[in-house]
Amino acid sequence: LQLGVDGIHPGFGFLSENAIFAQKVTDAGITFIGPTPSAIETMGDKLAAKQTVSAYNIPMVPGTNTAIHDLEEAKRIAVEVGFPVLIKAAAGGGGKGMRIVDNIEELDEQMQRAISEAVAAFGNGAVFIERYVTSPRHVEIQVLADMHGNVVHLFERECSIQRRHQKVIEEAPSAILTPELRTQMGKSATDVARS
């Protein structure tokens, strides 16, 4: 405000993912070059994100779309989804609040640990269950959108080389995607942005 700035691009990570910062910039009458505060908030919560994109028929890993609090419900869902399952913090990231569960006997302890970790790391103990994908590929697609509803994707990055759920190397383009899969994933990514 002191410098008469009319737009702020927050860079990547940190402030670019902070809905409170984006809202303060917007409230000050400055253009925030990035998603709306509500979009940042929604996509920062994995459960809210899953619910938001559900209308767009985006392929997702089988699991719950709501937080799980009851152990008996968690057991029923885990059996339905099929072991191994992954308990994940809704507000999580960077591998925090994630627990792999191989069988029903481990579920109670691992769920309590995931909730405790989520509270400590994010101040939010909401967790959900998904099928654990044993040999995954982590492929991200960057999207670019404007205020008029135009959305494009800027292709993909292969992020599968990780250590402790933290990306070590990002490579573009991904060597494993076929042109058909790249097109399908690009459409899904732009639909997520539209949602």
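Modeller: Start with one term. A polar contact is a pair of N or O atoms within 3.5 Å; within protein, one atom must be able to donate a hydrogen and the other to accept it. Keep in mind that this is a predicted model.

The part I pick is helix 3. Begin at its N-terminal end, which Asp-45 caps. A side-chain oxygen of Asp-45 lies 3.0 Å from the backbone nitrogen of Leu-47. Leu-47 is also one of the buried residues of helix 3, along with Ala-49, Lys-50 and Val-53. These four span an arc of only 160° around the axis, so they sit on the same side of helix 3. An α-helix has 3.6 residues a turn, so residues three or four places apart point the same way. What does the buried side pack against? The buried residues of helix 3 meet helix 2 (37-44), strand 5 and helix 6 (179-194).

Strand 5 leads us to a sheet. Three strands make up this open sheet, in the order 4-3-5, with antiparallel pairing. Strand 4 (99-101) and strand 5 (127-131) are at the edges. Each has a single partner strand, so one side of each is left without a neighbour in the sheet. On average, neighbouring strands of this sheet are turned by 25° against each other, direction ignored.

Now look at the pairing, strand by strand. Strand 3 covers residues 85-89 and pairs with strand 4 over three bridges, in the antiparallel sense. Across that pairing, Val-85 stands opposite Val-101 of strand 4. Helix 3 packs on this sheet, touching strand 3 and strand 5. The direction of helix 3 makes about 60° with that of strand 5. Strand 3 also pairs with strand 5, again antiparallel, over five bridges. There, Ile-87 stands opposite Ile-129. Strand 5 is mostly covered, as four of its five residues are buried. Helix 5 lies across strand 3, strand 4 and strand 5, and runs at about 170° to strand 4.

Strand 6 (residues 139-145) and strand 7 run antiparallel and are joined by six bridges.

Strand 7 covers residues 151-158 and holds Glu-156. Is Glu-156 buried or exposed? Its relative accessible area is 3%, so Glu-156 is buried. The side chain of Glu-156 has polar partners. One is the side chain of Arg-182, in a polar contact of 2.9 Å. Another is the backbone nitrogen of Ser-174, 2.8 Å from a polar atom of the Glu-156 side chain. Beyond four places in sequence, the residues in contact with Glu-156 include Val-139, Glu-140, Ile-141 and Leu-177.

Glu-140 takes us on to Lys-167. Their side chains are joined by a polar contact of 2.6 Å. Lys-167 lies in strand 9 (residues 166-167). With 38% relative accessibility, Lys-167 counts as partly exposed. His-138 is 29 residues from Lys-167 in sequence, and their C-alpha atoms are 9.2 Å apart.

Last, go back towards the start of the chain. Which way do the rings of Phe-21 and Phe-32 meet? Their centres are 6.2 Å apart and their planes stand at 75°, so the pair is edge-to-face. Phe-21 is in helix 1 (residues 19-27) and Phe-32 in strand 2 (residues 31-32), so the pair ties together parts eleven residues apart in sequence. Phe-21 is partly exposed, at 22% relative accessible area. Phe-32, at 9%, counts as buried.

Terms used: Residues are numbered from 1 along each chain as its sequence is written. This is a predicted model: local features need pLDDT of at least 70, side-chain atom pairs count only at pLDDT 80 or more; totals for chains, interfaces and linings use all residues. Side-chain values use heavy atoms; hydrogens and water are left out. Two strands pair if DSSP finds at least two bridges between them. Helices (H or I, at least four residues) and strands (E, at least two) are DSSP runs, numbered from the N terminus. Axes are lines fitted to C-alpha atoms, for helices over the stretch in contact, and angles run from 0 to 180 degrees between N-to-C directions. Contact means heavy atoms within 4.5 Å. Buried means under 20% relative accessible area, exposed over 50%, partly exposed in between (1.4 Å probe, protein chains only). The arc is that of the directions from the helix axis to the C-beta atoms. Rings of Phe, Tyr and Trp (its six-membered ring) pair if their centres lie within 6.5 Å; planes under 30 degrees apart count as stacked, over 60 as edge-to-face and the rest as tilted.
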